[in-house]
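Please read it beside the sequence and the model.

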Amino acid sequence: MRLILYSKPGCHLCEGLQEKLEKIENLTFELEIRDINTREDWFLAYQYEIPVLYLSNPQGEDVREQPLPRPSPRASVQQLEQMLRKYFPND
């Protein structure tokens with residue numbers, strides 16, 4: 001499983017979410033950070049929305065990306081993990 005975080009440098013909400021995601025110990029996932037400044041389509045889609053979180057779930061040769069609800073910036077690492085657990089297969 002892979003979590004994709006659409007972000008940009010200097011975004012404090014993005015940095016805070018990234019730090020919390022990196023502290024989660026009870027779920028196994030790869031964290032991919034996508035800087036929206038590197039692609040025009042990402043920038044146009046997410047410039048007013050970041051941080052945006054997706055779950056990438058490979059299914060055979062098809063890779064599906066599912067948008068996840070935006071967690072509260074005040075959510076603790078444990079609350080974030082609990083929210084993510086709803087979207088992960090039994091880990």
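1. Buried means under 20% relative accessible area, exposed over 50% and partly exposed in between, with a 1.4 Å probe and protein chains only. F29 counts as buried because its relative accessibility is 18%. F88, at 7%, counts as buried as well.

2. On the basis of the values: the model is predicted, so local features need pLDDT of at least 70 and side-chain atom pairs pLDDT 80 or more, while totals for chains, interfaces and linings use all residues. Residues are numbered from 1 along each chain as its sequence is written, and side-chain values use heavy atoms, leaving out hydrogens and water.

3. Leaving aside residues up to four places away in sequence, L21 touches L3, F29, L31, L53, L80 and L84, where contact means heavy atoms within 4.5 Å.

4. The structure holds 5 aromatic pairs. Rings of Phe, Tyr and Trp (its six-membered ring) pair if their centres lie within 6.5 Å; planes under 30 degrees apart count as stacked, over 60 as edge-to-face and the rest as tilted. F29 and F88 form an edge-to-face pair, 6.0 Å centre to centre with 65° between the planes. F29 lies in the loop between α1 and β2 (30-35) and F88 in the segment after α3, so this pair ties together parts 59 residues apart in sequence.

5. Y46 and Y54 are also paired edge-to-face, at 6.3 Å centre to centre and 70° between the planes. Y46 counts as buried at 13% relative accessibility, and Y54 at 15%. One aromatic cluster is formed by Y6, W42, Y46 and Y54.

6. Which element gives the largest share of the lining of the largest pocket? That element is α1, with 5 residues. A pocket is, on a 1 Å grid over the protein atoms alone, an open set of points where a 1.4 Å probe fits, with protein on both sides within 12 Å along at least five of seven lines; lining residues have an atom within 4 Å of a point. Among the lining residues are H12, K20, R70 and L80.

Terms used
Helix = DSSP H or I, 4+ residues; strand = E, 2+ residues; numbered from the N terminus.
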